[in-house]
Amino acid sequence: MGGNSRKFKKAEKSKIKLKGAKLPKGTNVTKTNFKVRKIVIPEQLKQRNLSDPSALSHRNLTAKDCLAKLKQNNPASKCDGLRGVREILGKLPTEITENNLSLAVKSIASVAVDLERDVRRDCYKTLGLLFAAAKEENILPFFDVLLSFLRCAMTHIQPRIQEDSLLLLDTYLMYLPRLVLLNRDKIFPQFLDMISKLRNESKPERTLTLSLNKQQTNTKWRTRVLMRLIGMLKILIDRKRGKKELVEDGEVEPMEVEDQSNPFATKSAQISSATLKIDNVFDVKTPGHFPLIKRNLYEPCALPFLFRKAIGETRLTMSDQLDEGRKLKTYVQMLMPLLFESWLEVRPTTSGFESSDLVLSHEAATTLSLLLDIAIQLWELITIYGQETNNSDLGRWFRAEYAENFCSHILAGFPYQQSPAATKAQKQRNVSDENTERNVDEKCYQQNFNICYFYCCLNENFRSDRSKNYAKVVTYVEACVNGWRFRSPELNALLLKVLRYMLLETDCSTVNQNTRGLLKTLLEVYIEAKLPQDTRNRILILFCDIIVLNDRLWREYGQDIFTLWLKMLPNLLKKSSIDLSVLKALLCLAKQKNTIFLQSLEENIDAIVANAGKIKIVNEQYRNEGAVLIVNLLFWIGSKDTLEKFVKEGKLAELDDGMREYFRSTMRSRLACL
């Protein structure tokens with residue numbers, strides 16, 4: 001090595017050195033006798049709209065230029081292209097939504113499965129802005145493309161892409177809920193494959209699988225997936241409920257008759273909602289019209305629902321698979337075992353569940369909250385389906401299949417509470433975690449109320465149930481009613497939902513001593529405790545519905561329970577304000593000719609009429625709506641002498657001229673009937 005170095009240095013020294021030499025004259029002059037031509041790309045200049053700067057990004061790129069960047073391999077170029085698309089959407093959304101929508105959807109969706117995390121997140125943001133600008137009906141032709149990339153992300157070999165597929169699903173649920181709902185059968189299998197696998201290819205039952213990677217626990221990953229499942233089920237329930245409310249309110253558009261010349265065509269399409277609109281406010285000058293036919297009787301009945309087979313059969317034919325009930329049953333068979341299995345994995349290991357209040361960790365409390373929400377949503381879907389088809393086979397199957405597992409796995413440790421250490425650690429946690437969105441209180445009221453509600457759903461005749469499980473449920477609810485101090489509106493609404501279901505809903509007419517005691521406790525709390533006004537109104541409406549909607553159930557409870565409360569109700573009309581919904585409930589009691597209520601109303605009629613012009617009606621939609629209801633309420637008083645006093649002018653000084661005339665005409669009509 002050393003010899004070679006010396007030889008190299010010797011050779012360098014032996015070279016000829018030109019010291020002070022100059023180049024010949026004329027050889028160092030720059031030649032300028034060449035021609036220059038401009039580089040012109042006509043295609044790019046034709047596409048660029050220089051006259052409208054709002055259609056360009058901050059780098060003066062058009063929408064097509066930005067979309068072309070998404071085909072490059074450089075992640076920075078892709079992010080820059082997505083950023084440019086968002087800028088153009090913010091300035092001039094029609095430039096993309098009208099001219100380049102097809103290209104934009106395909107190009108942007110193609111990077112939803114990119115290997116770089118930043119590119120994927122930018123893609124989801126851009127898709128959200130594009131969906132908001134283009135609307136759902138314009139995205140419909142391209143939703144198959146979007147759906148293919150979603151399913152590809154859900155089943156991707158890279159765990160990080162599978163995780164981010166939940167964010168892509170969030171974008172679809174936020175901006176395209178109806179399209180997700182229509183294609184739920186295509187999304188659902190890949191969705192469940194993220195946390196489970198089929199036990200047998202020929203059956204829908206599944207078993208849990210491990211998490212995607214070691215950076216998060218199995219419970220956290222399943223929580224993230226199940227939260228999206230709750231969102232999907234909520235969209236489905238809201239749409240079914242909205243459609244049902246439209247039918248009940250008569251706001252459904254009339255059906256089109258396919259052949260007008262057909263003499264056997266249904267006439268229901270010719271009946272519009274305007275012809276069926278009925279005004280029940282009494283007016284002496286106009287003839288009265290009262291509905292003899294319910295609006296929903298114009299709905300045609302589907303013949304397959306009349307001749308369908310029992311839902312409990314295990315063998316499914318091709319026609320059965322197309323039935324919505326069969327699909328719903330398949331979803332339930334997939335989900336319910338997974339929910340129970342998830343709970344058994346995280347529940348406390350207390351042997352026999354002998355402790356009075358079982359202490360849960362934060363993960364266990366979150367898992368319990370999620371699985372109860374999903375189970376209740378599935379039950380609500382089954383209930384809506386049974387009402388639509390007038391068939392309760394699916395509900396009976398659900399009760400027979402899962403009631404025992406629910407009591408043995410979940411109700412056995414009821415009521416639950418969260419450990420103080422877990423609650424304190426949750427409050428001190430400053431890290432932004434997706435799972436902390438579902439905060440769990442220390443007493444686990446939400447979980448316990450949902451357990452009470454779901455237990456009553458799974459037991460058809462729960463009001464007459466003498467088992468220890470129902471006694472445990474009633475005892476807990478009664479204790480919560482006695483100590484009603486919830487600051488959260490959500491907990492107040494949830495407790496009222498449980499009370500309404502336990503005391504009124506379902507066809508269970510027999511009542512045992514536990515249910516009767518719960519009703520007495522609620523009445524005492526309503527009379528004595530200082531509850532928020534909104535809560536008091538909802539409890540009052542519940543009592544009125546028990547009396548009005550189910551006469552047999554009211555007699556089972558015992559009329560003596562409501563005697564004192566009915567006598568107190570007319571005092572509400574002497575206060576400074578009253579809610580419109582409460583006033584409607586009182587009118588229902590009067591129409592039913594409840595003797596106790598009408599007698600107390602007659603005793604307080606002087607103060608009620610004197611206060612009629614001063615009382616404020618909360619949630620009144622139009623002027624004098626509440627005053628008309630008060631006059632209609634007094635119409636049902638049966639004493640002729642009492643009514644004659646108020647026909648005179650001097651007794652109606654507090655009312656304006658229009659209401660005074662309406663009051664007198666109503667009283668005259670009532671006197672003519674007596």
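Is glutamate 380 buried or exposed, and what is its relative accessibility? At 13%, glutamate 380 counts as buried, where buried means under 20% relative accessible area, exposed over 50%, and partly exposed in between (1.4 Å probe, protein chains only).

Before the close-ups, a word on the source: this is a predicted model, where local features need pLDDT of at least 70, side-chain atom pairs count only at pLDDT 80 or more, and totals for chains, interfaces and linings use all residues. Residues are numbered from 1 along each chain as its sequence is written, and side-chain values use heavy atoms, with hydrogens and water left out.

**View A. Arginine 241 pairs with glutamate 380 in a salt bridge.** The N to O distance here is 3.1 Å; the cut-off for a salt bridge is a side-chain nitrogen of Lys or Arg within 4 Å of a carboxyl oxygen of Asp or Glu. Arginine 241 sits in helix α13 (residues 218-249) and glutamate 380 in helix α17 (residues 362-389), so the pair ties together parts 139 residues apart in sequence. Helices here are DSSP runs (H or I, at least four residues), numbered from the N terminus. Arginine 241 is partly exposed, at 39% relative accessible area.

**View B. Aspartate 114 meets lysine 78 in a salt bridge.** The N to O distance is 2.6 Å. Aspartate 114 belongs to the loop between α6 (101-110) and α7 (117-134), while lysine 78 is in helix α4 (residues 75-91), so this contact links parts 36 residues apart in sequence. Aspartate 114 is buried at 12% relative accessible area, and lysine 78 is buried at 11%.

View C. Aspartate 80 is buried at 7% relative accessibility, whereas arginine 83 is partly exposed at 35%. A search of the whole structure turns up 18 salt bridges.

View D. A disulfide needs a pair of cysteine sulfur atoms within 2.5 Å. Cysteine 452 is buried at 0% relative accessibility, and cysteine 544 is buried at 1%. The disulfide count comes to zero.

Technical notes:
Helix = DSSP H or I, 4+ residues; strand = E, 2+ residues; numbered from the N terminus.
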